[in-house]
Amino acid sequence: FGCGAHGTAIGFLMEYGAKSFPDAVEELARDAGLDVPREERPGERERRAEVADLTDHLLDAAHFYRAALKDSPRAIAYLKRRGLTGEIAARFGLGYAPDAWQSLLRVFANYEDPMLESAGLVIQGEGDKRYDRFRDRIMFPIHDHRGHVIGFGGRVLDSGEPKYLNSPETPVFSKGRELYGLYHARNAIRDAGKVVVVEGYMDVVALAQHGVEYAVATLGTATTPMHVQKLFRQTDTVVYCFDGDAAGRRAAWRALENTLAMLADGKNAQFLFLPDGEDPDDFVRKRGRAAFEAALAAATPLSEFLLD
């Protein structure tokens, strides 16, 4: 009443939950026990069934990786060294992919199922030999806006390349559209009135561990217009957080280029450059939440970065 907002239940969900119109209708219908009538295009029913199968397989894999983490003292020790608690690991559903070629055989009796390759969980190698895509990595499940697991990011425990390995593009997962941690951060973003965009999964989890729960990460790619559009649906202020080195400046410039076209009255973007060699994970562990939020408050406005 105080702000004079008005409208329907659909409009409320679109504003408060940053949902699209179809998603708001689907959620209200589901809560009311109704089916949304559809005019289905040819193949649409089959595609929905495929998406449901893929997300079921990915969820089964996520459960397996979570259970495997509990049985790996080495992986647990790594997370503890990074300053993470069991509570935060559970909140983000962190797991561990065992160091074996076909550990997912324990989950999927039919390891030859084509759906496993479609989901990005296994790779078809030479001579039709199959093996797990993720091996000996900390696993970060990636969720869509409904909370469905749609992919994974895997981080090596020791030195190795690539440091982060992502799921490939699949019918349910596209790096240019999704942001890690957005599903978990929605309420905190609304409460804080801003979102912080970082580059690594571990940065998101470490910031949440220290009370900065409104951070998300791009998935090993530059910030895209689709990312920006999705973020501005959530909040009016986006703060890009990069390393202060040359690579960080280049990444910031790409983010600026893709943000400019999405800017409108009331929307603004800012840039925070951390000291050379420090990522948000390092910064918040060394200096704490108050210092990180003070740095955020002094972030460079987009216009100033552009003119500089």
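Predicted model: local features only at pLDDT ≥ 70, side-chain atom pairs only at ≥ 80, totals over all residues.
## Helix 8 and helix 11

The crossing of helix 8 and helix 11 is left-handed.

On the side of helix 8, the contact is made by Met202, Asp203, Ala206 and Leu207. Helix 11 contributes Pro280, Asp281 and Val284. By class, the contact of helix 8 with helix 11 holds 5 nonpolar and 2 charged residues, with no polar ones.

## Helix 11 and helix 12

Helix 11 also packs against helix 12, which covers residues 289-297. Here the angle is about 125 degrees and the axes are 6 Å apart. That value makes helix 11 oblique to helix 12.

From helix 11, Pro280, Phe283, Val284 and Arg287 take part in the contact. Their counterparts in helix 12 are Arg289, Ala291, Phe292 and Ala295. The residues of this contact divide into 6 nonpolar, no polar and 2 charged.

## Helix 1 and helix 2

Another helix pair is formed by helix 1 (residues 9-16) and helix 2 (residues 21-31), which pack at an angle of about 120 degrees. The two are therefore oblique to each other. Their axes are 9 Å apart, and the crossing of helix 1 and helix 2 is right-handed.

Helix 1 provides Ala9, Ile10, Leu13 and Met14 to the contact. These residues meet Phe21, Ala24, Val25, Glu27 and Leu28 in helix 2. The contact of helix 1 with helix 2 has 8 nonpolar residues, 1 charged residue and no polar residues.

## Largest pocket

The largest pocket has a volume of about 1,600 Å³. Its lining is made up of 42 residues. Nearest the centre of this pocket lie Asp23, Asp144, His145, Arg146 and His148.

Among the helices, helix 2, helix 3 (44-70), helix 7 (182-192) and helix 9 (225-234) each supply at least two residues of the lining of the largest pocket. By class, the lining of the largest pocket comprises 15 nonpolar, 10 polar and 17 charged residues.

## Second largest pocket

The second largest pocket has a volume of about 310 Å³. It is lined by 19 residues, and those closest to its centre are Lys163, Tyr164, Glu199, Gly200 and Asp203.

Two or more residues of the lining come from each of strand 6 (164-166), helix 8 (201-209), strand 9 (237-243) and helix 11 (280-287). The lining of the second largest pocket divides into 7 nonpolar, 4 polar and 8 charged residues.

Notes. Residues numbered from 1 in each chain as written. Heavy atoms only, no water. Axes fitted to C-alpha atoms, helices over the stretch in contact; angles between N-to-C directions. Helix = DSSP H or I, 4+ residues; strand = E, 2+ residues; numbered from the N terminus. Parallel < 35°, antiparallel > 145°, perpendicular 65-115°, else oblique. Left-handed = near helix turned anticlockwise from the far one by under 90°. Contact = heavy atoms within 4.5 Å. Nonpolar A, V, L, I, M, F, W, Y, C, P; charged D, E, K, R; others polar. 1 Å grid on protein atoms, 1.4 Å probe; cavity = no way out; pocket = protein on both sides within 12 Å on 5 of 7 lines; lining within 4 Å. Points joined across faces, edges and corners; volume = space filled by probe spheres on them.
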